[in-house]
Each structure stands twice: as structure tokens, then as C-alpha cells.
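Q: Please take a close look at one part of this structure. Start with the part itself, then show what surrounds it.

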Amino acid sequence: MSEGDPIISEPAVPDTGNPPSGEPAAAIDAIFAAEAKLSPAAAEPATPDATPESSTALASSVPKSVLADRVAAAVDPVAAFRGTLDSTLAEVGLRLAVDSTEAATMVAASAAKIASIAHEPGLDLAVRAERDNLALRLGIRTTQAASVADAQVLGLIHAGIRLVSTARVT
Amino acid sequence: MRTSKILAVALAATLLLSCCTASCHASMRAKAEVLSPAIAAAWEAPSGVEADVERGIVDAMQDGEMGSAESVDVRQSFYALDEAIESGSVDAIRARIRDWTRLAPLARRGVLDRYDDGEIGFGGMQIFLERIDNLTAALAAL
């Protein structure tokens with residue numbers, strides 16, 4: 001993934017708590033507004049001089065970065081998977097034969113295939129077979145040392161296909 | 001003067017060729033290093049291609065399309081390929097590619113048997129057959 005990913009990357013200025021720009025930011029603001037409305041502090045202010053700012057502060061107890069992840073997953077599961085893939089690969093020190101955007105696109109195509117057969121028997125077997133297909137295709141295409149078939153990468157691909165296909169079905 | 005120019009061109013061409021050869025070898029080695037575990041992952045039982053081949057052998061025998069002598073022969077190919085893939089050695093796998101050409105139709109048969117028994121649906125069957133094709137392509141690319 002490029003560092004400037006608009007949906008799931010860290011904000012450009014760290015520790016400000018500001019959400020990333022664009023549609024997810026609007027969605028986060030909407031969630032904050034909804035939380036502020038639902039907050040008991042907003043409905044029945046604890047003190048007479050309670051202000052809208054104080055109720056918003058209570059609603060802000062959920063870190064915005066966590067909310068950003070939730071919104072990204074709801075708005076674009078492929079982008080959410082790409083972010084998970086990037087961070088996990090970085091953590092375990094592995095790299096794929098293709099960039100994560102391309103890998104996420106391939107996972108999305110596989111997930112679409114799985115979603116179309118969600119009603120069929122043996123779905124788990126099919127998911128595993130599709131994971132193998134993806135790993136073999138990535139391996140055939142690679143020209144550099146990579147970790148396509150590492151157990152952790154395979155697990156991620158497997159989970160990605162399953163989650164994104166579930167998101168498509170539901 | 002002319003001789004030195006020819007020598008310079010020849011030297012440059014040799015350097016270029018050796019660079020290309022080294023790059024090509026590195027690329028092939030990298031591909032083999034990635035493909036070998038990917039092949040192993042796709043092959044592994046209980047639901048990998050290995051299981052499809054076993055099922056295909058049993059189905060062929062049950063349908064009377066494979067005699068016991070032939071099945072022994074086929075199983076030898078099967079165990080040899082299995083051992084090579086499990087070893088992770090690219091050379092060992094390359095040496096057994098001929099066995100795969102014999103086993104691939106049985107793997108397809110095993111997948112069709114899964115479908116006939118209602119274990120997988122039509123879309124699942126296509127994905128399983130695609131995996132066999134991808135495995136064939138991966139073995140050829142090693």
C-alpha cells in the first residue's frame with residue numbers, strides 16, 4: 001500500500017486525533033454526532049453549565065483511529081483488508097510478490113467468486129481452494145524473493161477472502 | 001584503433017550478457033523459492049489436491065476403470081510426487097513433474113466425484129478444477 005492511503009493509513013499529522021479526509025471523515029463525524037446525541041450527558045446534563053463541548057468530549061472516549069478502522073471496514077472492506085495486510089506484513093517482516101493494492105484487488109476478485117457460491121455446499125473447502133489458487137497465481141507471477149506461501153500470509157489471504165466475501169453477501 | 005573499438009564492444013556485450021544471465025537466474029530462483037511452498041500448500045491433505053488424487057484413484061478403481069496392477073503403479077507415482085513436494089526441494093519436485101501429468105486427470109476425477117456426491121457445489125467444483133490447472137502451471141514454471 002502506498003503511504004498516502006486515504007482510508008486506513010495513519011493521519012498525516014500524528015496524535016492530533018483528526019480523522020482522515022474524505023467520506024470516512026464525514027462518516028466519523030456523523031458517528032460522533034450520533035454518540036453525542038445518545039450520550040446521557042447530552043440528554044440530562046450533569047451540571048447546569050454543561051456545554052455541547054463537554055458531551056462531545058464524553059463521546060470522544062472511543063479513539064478516532066479505532067472508529068476510522070470501523071468506518072473503513074464498513075465503507076470499503078477491500079481497503080480495510082489492504083490496511084490489515086500491510087500492517088501485518090510489516091509486523092512479521094514479510095513481503096508479498098506484488099504490492100498490497102494488487103493483492104487486495106485479487107483477494108476482492110476471489111471474494112466475489114466465493115460470495116457468488118455462498119449458498120453452495122462445501123463453502124469452506126472452496127474458500128481454501130481459492131486461497132491456494134491465489135497463492136499459486138501470485139507465485140507464478142513473482143520474479144523476486146517474496147513470502148506468498150508463508151503460513152501467516154496464507155492465513156491472511158484466507159481470512160481476507162472469507163471476510164470480504166461475507167461483507168459482499170451481507 | 002579499430003581493434004580496440006571491437007574489443008570494447010565485445011567486452012560491453014559480454015558484461016551485458018552476464019548481467020542478463022545473472023538477473024534471469026535470480027528471478028528463476030526467486031520464483032522457485034516462492035512456488036515451492038505455494039505448491040506444497042495447495043497439495044496438502046485433507047482438502048488439498050493430494051486428497052483429490054486419492055479420491056480419483058479410488059473412484060476409478062470402484063468404477064472398474066483401473067485394475068489393481070495399474071493402481072499400484074499409479075500409487076507409486078503418487079507417493080513419489082508427494083514425497084518430493086513435502087521435501088520442499090525444487091529439484092526433487094522438478095524430477096517428478098512427469099508423475100503429475102499422469103496424476104492430474106485423476107485429481108480432476110476426484111473433484112468431479114466430490115461434486116457428484118454433493119460435497120461441493122458447481123461453483124466450488126470450478127474453483128477446485130482451477131486449482132489443478134494452477135498447480136500444473138506452477139509445476140511448469142518451476
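A: A residue is buried if 20 or more other C-beta atoms lie within 10 Å of its own, exposed if 12 or fewer, and partly exposed in between. Keep that rule in hand for helix H2 of chain B, the part examined here. The model is predicted.

Begin with the setting. Chain B has six helices and zero strands. Read from the N terminus on, its elements run α-α-α-α-α-α. Of its 142 residues, 32% are buried. Among the contacts in chain B with a separation of 6 or more, 68% join residues 24 or more positions apart.

Now the helix. H2(B) covers residues 49–62. Its 14 residues reach 20 Å from the first C-alpha to the last. That is close to the 20 Å expected at 1.5 Å a residue.

Which residues of H2(B) are buried? They are Val49(B), Glu50(B), Asp52(B), Val53(B), Arg55(B), Gly56(B), Ile57(B) and Ala60(B). Val58(B) also has its place in this helix. It has 16 C-beta neighbours inside 10 Å, so Val58(B) counts as partly exposed. Val58(B) and Arg109(B) are 51 residues apart in sequence. In space, their C-alpha atoms are 9.8 Å apart. Just after the helix, Gly64(B) takes a positive phi of about 75°.

Next, a partner. Two packed helices are described by the angle between their axes and the distance between the axes. H2(B) packs with helix H3 of chain B, residues 68–87, at an angle of about 180°. Their axes are 11 Å apart. Angles over 145 degrees count as roughly antiparallel, so H2(B) is roughly antiparallel to H3(B). From H2(B), the contact is made by Glu50(B), Val53(B), Ile57(B) and Met61(B). From H3(B) come Ser71(B), Val74(B), Arg75(B), Phe78(B) and Asp82(B). By class, the residues of this contact divide into five nonpolar, one polar and three charged.

Another helix pair in the chain can be described in the same terms. Helix H5 of chain B, residues 97–116, and H6(B) have axes that come within 9 Å. The axes cross at roughly 175°. H5(B) and H6(B) are therefore roughly antiparallel to each other. H5(B) brings Ile97(B), Trp100(B), Ala104(B), Ala107(B), Arg108(B), Val111(B) and Tyr115(B) to the meeting. H6(B) answers with Met125(B), Phe128(B), Leu129(B), Ile132(B), Thr136(B) and Leu139(B). This contact has eleven nonpolar, one polar and one charged residues.

Last, the other chain. The contact between the chains takes 26 residues from chain B and 27 residues from chain A. On the side of chain B that touches chain A, helix H1 (2–43) and helix H6 (122–141) are the elements that give two or more residues. H6(B) gives the most, with eleven residues. The residues of that side divide into 14 nonpolar, seven polar and five charged.

The largest nonpolar core has 58 residues. Those that touch the most other members are Val107(A), Ala135(A), Ile157(A), Ala38(B), Ile39(B), Ala42(B) and Leu135(B). Take Ile157(A) as one of them. Not counting residues up to four places away in sequence, Ile157(A) touches Val107(A), Arg131(A), Leu134(A) and Ala135(A).

Notes. Residues numbered from 1 in each chain as written. Chains lettered and ligands numbered in written order. Predicted model: local features only at pLDDT ≥ 70, side-chain atom pairs only at ≥ 80, totals over all residues. Core = buried A, V, L, I, M, F, W, Y, C linked by C-beta atoms within 7 Å. Contact = placed C-beta atoms within 7 Å. Helix = DSSP H or I, 4+ residues; strand = E, 2+ residues; numbered from the N terminus. Nonpolar A, V, L, I, M, F, W, Y, C, P; charged D, E, K, R; others polar. Axes fitted to C-alpha atoms, helices over the stretch in contact; angles between N-to-C directions. Parallel < 35°, antiparallel > 145°, perpendicular 65-115°, else oblique. Expected span 1.5 Å × (residues − 1).
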